[in-house]
Amino acid sequence: MPVSGAESPAFRCGHVAIVGRPSVGKSTLVNALVGERISITSKKPQTTRHRIVGIATRPGAQAIYVDTPGFQTRHHSVLNDRLNRIARDALADVDVVVVVLDATRLTEADRAVVRLLPRSVTAIAAVNKIDLVTDKAALLPRLAQIAELFPFVAIVPISAEAGTQLSHLEGEILTRLPMSAPLYPADDLTDRDERFLAAELVREKIFRLLGDEVPYATTVAVESFAVEGGLRRIGIVVYVAKASQRAILLGEGGARMKAIATRARQDMERLFGGKVFLEVFVRVQRGWAATDASLARFGY
Ligand SMILES: Nc1nc2c(ncn2[C@@H]2O[C@H](COP(=O)(O)OP(=O)(O)OP(=O)(O)O)[C@@H](O)[C@H]2O)c(=O)[nH]1
Ligand SMILES: [Mg+2]
């Protein structure tokens, strides 16, 4: 139900799904549109594992962005199937879909994402990472190629990281939202609580600081979260699938884990606006990603 009704008759509000193949910059875009780092990002594909909402309230409009895991069809696992399902489900009941594409290359995975779109949906193509395109003339044929994929209502070249053309993209989105009172208070930035954000920040540092194997064998859970005045005491458990991964995560004399925890704590302090005392434990939990039932236990 709308939070406030009658005072702004011309208000627009609606849900905007952000979809695309892994690593195209969906979460970076959501963060840029919201103006706060609420969704974690990294160079590694499938960093995002949950549906997470970012809220941006402007004069006359509120966009509720639904960030999703990267949709991919190449690697099959119970977790990947789950991530694809989250991405697919996010397309239901939204007012606008933003398909994020990479200006430097269009792949079969991009086409697979576009095939998920119902024909009737209002879809905008955000062609991201234009800062990496040195030959701007190469952009035009790419945009023409994208126009062939789907009847997009707009195709907007952007750089989510550099902030290029984001207000243009936002304009295209907001004008297509239905007339409605805002669904969230104006200062809400996400639907997720601090516990979730804290766990995600630890997972982000693992994705950023480790190689290609361990992040995918890892999940994170909050064990304790207590607020004492301005101080938050947070205990987080990182689960890995094997003892060898635990050793890699800890690093020599625990140095790697220390770096992960320090960076995660600094980000938490900034995001929550207060001091954080963070403890991180690493436990081996064989098969945490093996079945739907065990994934559900870990919040997937
Ligand atoms: N050069 C450049 N890099 C970008 C841009 N946007 C995002 N990136 C980088 O691309 C990588 C992936 O970004 P994410 O936002 O995590 O991508 P994602 O689509 O959410 O990825 P998944 O959640 O794994 O599906 C990160 O290293 C970002 O810093 C951009 O506009 N330009
Ligand atoms: Mg993401």
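**A close look at the helix packing**

Analyst: Let's start with the surroundings. Four bridges tie strand β1 (residues 12–19) to strand β4 (residues 96–102), and the two run parallel. Within this pairing, Val16 sits opposite Val96 in β4. Keep in mind that this is a predicted model.

Both strands belong to an open sheet of six strands, ordered β2-β3-β1-β4-β5-β6, and the pairing in it is mixed. At the edges you'll find β2 (52–58) and β6 (154–157), each of which pairs on one side only. On average, neighbouring strands of this sheet are turned by 25° against each other, direction ignored.

Now for the helices. Helix α6 (residues 194–209) and helix α8 (residues 255–272) have axes that come within 9 Å and cross at roughly 140°. Angles over 145 degrees would count as roughly antiparallel, so α6 is oblique to α8. The crossing of α6 past α8 is right-handed.

Who does the touching? From α6 it's Glu194, Leu197, Ala198, Leu201, Val202, Glu204, Lys205, Ile206 and Leu209, and they meet Arg256, Ala259, Ile260, Arg263, Ala264, Asp267, Met268, Leu271 and Phe272 of α8. Sorted by class, the residues of this contact are twelve nonpolar and six charged, with no polar ones.

Helix α8 has another partner, helix α7 (residues 243–250): these two pack at an angle of about 65°, with their axes 5 Å apart. The range for roughly perpendicular is 65 to 115 degrees, and that is therefore how α7 and α8 are described. On the α7 side the contact involves Ile248, Leu249 and Leu250, while α8 brings Ala255, Arg256, Met257 and Ile260. Here the classes come out as six nonpolar, no polar and one charged.

One last stop is the aromatic rings, where the count comes to five pairs. Take Tyr239 and Phe298: their ring centres are 4.9 Å apart and their planes stand at 65°, so this pair is edge-to-face. It also links distant parts of the chain, with Tyr239 in strand β8 (residues 231–240) and Phe298 in the segment after α9 (292–297), 59 residues apart.

Methods. Residues are numbered from 1 along each chain as its sequence is written. Chains are lettered from A and ligands numbered from 1 in the order in which they are written. This is a predicted model: local features need pLDDT of at least 70, side-chain atom pairs count only at pLDDT 80 or more; totals for chains, interfaces and linings use all residues. Side-chain values use heavy atoms; hydrogens and water are left out. Two strands pair if DSSP finds at least two bridges between them. Axes are lines fitted to C-alpha atoms, for helices over the stretch in contact, and angles run from 0 to 180 degrees between N-to-C directions. Angles under 35 degrees count as roughly parallel, over 145 as roughly antiparallel, 65 to 115 as roughly perpendicular and the rest as oblique. A crossing is left-handed if the near helix is turned anticlockwise from the far one by less than a right angle, and right-handed if clockwise. Contact means heavy atoms within 4.5 Å. Ala, Val, Leu, Ile, Met, Phe, Trp, Tyr, Cys and Pro count as nonpolar, Asp, Glu, Lys and Arg as charged, and the others, Gly among them, as polar. Rings of Phe, Tyr and Trp (its six-membered ring) pair if their centres lie within 6.5 Å; planes under 30 degrees apart count as stacked, over 60 as edge-to-face and the rest as tilted.
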